[in-house]
Each structure stands twice: as structure tokens, then as C-alpha cells.
Amino acid sequence: MTSGLWLDMKLKNNLYKNTKVSRECLCQTSKKYLGYSLLHHHHLMQSWFKLDRAVTTGRAVRSRMTHNNKSRLKAFYGAMNTTGSRVAPEVVKKLNLKGAESLIDIGGGPATYACHFCLHNPKLRATVFDLKTARPHALQTIKQLGLGGRVRLVEGNYLKNKTVD
């Protein structure tokens with residue numbers, strides 16, 4: 001048997017087999033899939049390896065995330081959705097939006113929080129304002145949660161746009 005933290009895989013008949021934990025966390029069909037988060041952190045490692053240079057020079061050691069790299073974007077938005085899907089159901093219980101009719105989520109990425117607020121508040125409609133690169137990921141979340149009529153997307157950059165229509 002091998003061990004890699006909690007991602008144990010059992011050896012049987014010279015083949016490795018997922019344990020319950022690795023099956024839940026490493027299979028894309030699982031609701032507990034962590035692969036996007038692991039991949040996103042992998043992409044960030046080059047920056048972390050240069051942390052000492054950033055601290056001593058006071059300058060960034062990487063350019064901003066490239067919006068042309070589909071693999072990195074999928075990992076980034078997938079990681080946001082994974083984390084949001086675990087946290088948002090708890091957050092929505094703590095914020096009383098009773099009587100609210102609309103919500104705007106600025107920089108809402110894959111629309112995870114906006115969707116969960118709508119699921120928890122049946123009369124609520126949400127607008128997610130984010131970059132064009134977030135759109136396919138947000139549409140996927142909205143479709144999966146059946147909120148096409150209640151969550152809309154507006155493309156823009158909150159660092160440049162003054163208002164959201």
C-alpha cells in the first residue's frame with residue numbers, strides 16, 4: 001500500500017485502486033472533486049517559489065493570469081466553484097436577504113455564490129458582473145443549478161467599468 005497524505009491508493013493484483021477518499025476527491029464525477037483546486041495551486045507554484053524575491057524587491061514576480069490559457073482558466077474557475085460550492089450554502093444561511101429582490105455579485109466568477117443565494121431566497125434574482133472569461137464557467141453553474149431565469153451575466157471589468165447596466 002502506498003500513502004500520499006490522505007490520497008491513499010491500494011495495490012491489488014499489481015494494480016492501484018482508489019480508496020473512498022481518493023475516489024471522492026480525485027474523480028471528476030464526484031461532487032467533492034478537488035482536481036481543479038489542485039491544478040490551480042500547481043499553476044501558482046512558480047510564483048510561490050519566488051516569494052523571497054517578491055518580498056525583497058517589493059515587486060510582483062509574475063504577470064497577471066493569462067486569459068488566453070484555457071487550461072489555467074478552467075482550473076481557476078473550477079477551483080473557485082469547488083470552494084464556493086462548499087462555503088456558499090453556509091454563508092447564505094447567515095445573511096438575511098428576506099424581502100430582497102435583487103443581488104449583484106461583482107467579480108462573481110462562476111456564479112456559485114449568486115446561484116446559492118437564489119436557491120436559498122426564492123424571490124431573489126442575481127446579476128453576476130465579471131470578465132468575459134468567466135462567462136462559460138458561470139453558464140455551466142447556472143445550468144447545473146437550474147437558475148437560467150434568475151441569474152444573469154454582465155461582462156465587464158470592475159477596475160474599468162463605472163456602472164453595471
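**Briefing on the predicted model**

Just after helix H6, Gly146 adopts a positive phi of about 65 degrees. The model is a predicted one.

**Helix H6**

- Helix H6 spans residues 135–144, and His137, Ala138, Thr141 and Ile142 are buried within it.
- These four residues lie on the same side of H6, because they cover an arc of only 135 degrees around the axis.
- In general, an α-helix has 3.6 residues a turn, so residues three or four places apart point the same way.
- The exposed residues Lys143 and Gln144 are carried on the face of H6 turned away from its buried side.
- The packing partners of the buried H6 residues are helix H4 (70–94), helix H5 (112–120) and strand S5 (151–155).

**The parallel sheet**

- An open sheet is formed by three strands in the order S3-S4-S5, with parallel pairing.
- Strands S3 and S5 stand at the edges and have a single partner strand each, so one side of each is left without a neighbour in the sheet.
- On average, neighbouring strands of this sheet are turned by 20 degrees against each other, direction ignored.
- Strand S3 (residues 102–106) is joined to S4 by five bridges. Along this pairing, Ser102 stands opposite Arg125, and Asp105 stands opposite Val128.
- Five bridges also join S4 to S5, and these strands run parallel. Within S5, Val151 is the bridge partner of Ala126.
- Strand S4 (residues 125–130) is largely enclosed by the rest of the structure, because five of its six residues are buried.

**Crossovers**

- A right-handed β-α-β unit is made by S3, H5 and S4.
- From S4 the chain crosses through H6 to S5, and this β-α-β crossover is right-handed.

**The nonpolar core**

- In general, nonpolar side chains of soluble globular proteins tend to be buried together.
- The largest nonpolar core has 14 residues, and those with the most contacts inside it are Ala111, Cys115, Cys118, Val128, Ile142, Leu147 and Val151.
- At least two residues of this core come from each of H5, S4, H6 and S5.
- Helix H5 gives the most to the core, with four residues.
- Ile142 has a place both among the buried residues of H6 and among the core residues with the most contacts.
- Leaving aside residues up to four places away in sequence, Val128 touches Asp105, Gly108, Gly109, Ala111, Ala114, Val151, Arg152, Leu153 and Val154.

**A residue in a loop**

- Lys31 is found in the loop between helix H1 (20–26) and helix H2 (35–49).
- Lys31 counts as exposed, because its relative accessibility is 86%.
- The C-alpha atoms of Lys31 and Thr82 are separated by 8.6 Å, although these residues are 51 residues apart along the chain.

Key: Residues numbered from 1 in each chain as written. Predicted model: local features only at pLDDT ≥ 70, side-chain atom pairs only at ≥ 80, totals over all residues. Heavy atoms only, no water. Buried < 20%, exposed > 50% of the residue type's maximum accessible area, 1.4 Å probe, protein only. Arc of directions from axis to C-beta. Contact = heavy atoms within 4.5 Å. Pairing = 2+ DSSP bridges. Right-handed = clockwise from strand over helix to strand, strands pointing away. Core = buried A, V, L, I, M, F, W, Y, C linked by side-chain atoms within 4.5 Å. Axes fitted to C-alpha atoms, helices over the stretch in contact; angles between N-to-C directions.
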